[in-house]
Amino acid sequence: MKRLALFGASGHGKVVADAALAAGWHSVVFFDDGWPQVRQNRHWPVVGDFSALTGGAHDFDAALVSIGNCAVRWQKQQGLLAAGIALATVVHPRACISQFAQLGAGTVAMAGAVVNVDAVIGEGCIINTAATIDHDCMLAHGVHVSPGAHLSGNVTVGACSWIGVGASVRQGISIGAGAMVGAGAVVVRQVPDNVTVVGCPAAVRGAGS
Ligand SMILES: CC(C)(COP(=O)(O)OP(=O)(O)OC[C@H]1O[C@@H](n2cnc3c(N)ncnc32)[C@H](O)[C@@H]1OP(=O)(O)O)[C@@H](O)C(=O)NCCC(=O)NCCS
């Protein structure tokens, strides 16, 4: 009986839970700092807060942080590691991950995601529904590639950056750390650290994620 603990009883958490069950986990249990007021995340129980998750009183095989915010997700993942908790990597069975790609611990790949040959995805990343990561891309830890976003080949993305829904990134582009690529943006130039870019072609709008 494989039991997965998820921290973050959100809508994103439900998608992770659903993917985990499809991928062969037998049961999912949530933890959230909204507990004890929050006791259910739709189909799954919420049984405690972060200290309950790390405190060792509950029975599970591995855990994963199901929080969309990249910096918070990464910080909580570090908390799980410090507590000696094994991290899961969840890949929906209808994601297509090259045998020559790497996915870090705590990373999720949702239905319809494609990760092509020699791509390297860091720890604690989200490759969301129908996002595509092409050959030789390098994603640092804590990156979120939103639904339907596309990274062409040889794109690099720095730690805890967020690529918005439906964005496209031209091949060979480097996106810095802590950056936000707005929904639908078309990125054709390098993106520095800690900025938000929007539009087509994408241009800096202001401070980052
Ligand atoms: C870029 C983004 C972070 C800006 O959010 P925000 O700071 O709350 O911005 P606002 O909604 O207040 O909009 C500010 C201005 O930027 C414009 N803007 C916002 N997002 C934009 C985008 N993606 N592309 C182009 N312009 C955008 C707005 O039209 C507005 O313009 P105005 O001042 O001329 O009216 C956000 O709109 C976005 O794209 N988020 C990504 C969402 C996503 O991918 N979700 C997936 C979840 S899985």
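## Between the two domains

Across the interface of domain 1 and domain 2, zero salt bridges are found in this predicted model. Polar contacts do occur there: six residue pairs, both members at pLDDT 80 or more, are in polar contact across the interface.

The size of an interface is often given as the accessible area lost when the parts come together. Here domain 1 and domain 2 bury about 1300 Å² between them, and 68% of that area lies on carbon and sulfur atoms. On the domain 1 side, the residues that lose the most area to domain 2 are Cys70, Arg73 and Trp74. Together these three account for 38% of what that side buries.

## Domain layout

The domain assignment of the chain places residues 3–88 in domain 1 and residues 91–207 in domain 2. Taken over C-alpha atoms, the centres of domain 1 and domain 2 are separated by 23 Å. Domain 1 supplies 16 residues to the contact, and domain 2 supplies 19 residues.

## Around the ligand

The ligand is surrounded by Asn128, His144, Ser146, Pro147, Trp162, Gly164, Val165, Met180, Gly182, Ala183, Val198 and Arg205. By type, the shell around the ligand divides into six nonpolar residues, five polar residues and one charged residue.

For Val165, a backbone N or O atom lies 2.7 Å from an oxygen atom of the ligand. Ala183 also uses a backbone N or O atom, at 2.8 Å from an oxygen atom of the ligand. With Arg205 the atom belongs to the side chain: a polar side-chain atom lies 2.8 Å from an oxygen atom of the ligand. On its own the ligand has 910 Å² of accessible area, of which the protein covers 40%.

How values were computed. Residues numbered from 1 in each chain as written. Predicted model: local features only at pLDDT ≥ 70, side-chain atom pairs only at ≥ 80, totals over all residues. Heavy atoms only, no water. Near = heavy atom within 4 Å. Polar contact = N/O pair within 3.5 Å; in protein donor to acceptor, adjacent residues only side chain to side chain. Areas by Shrake-Rupley, 256 points an atom, 1.4 Å probe, with all protein chains shown as cover. Nonpolar A, V, L, I, M, F, W, Y, C, P; charged D, E, K, R; others polar. Domains from an automatic or database assignment. Contact = heavy atoms within 4.5 Å. Buried area = accessible area lost by both parts, 1.4 Å probe. Salt bridge = Lys/Arg side-chain N within 4 Å of Asp/Glu carboxyl O.
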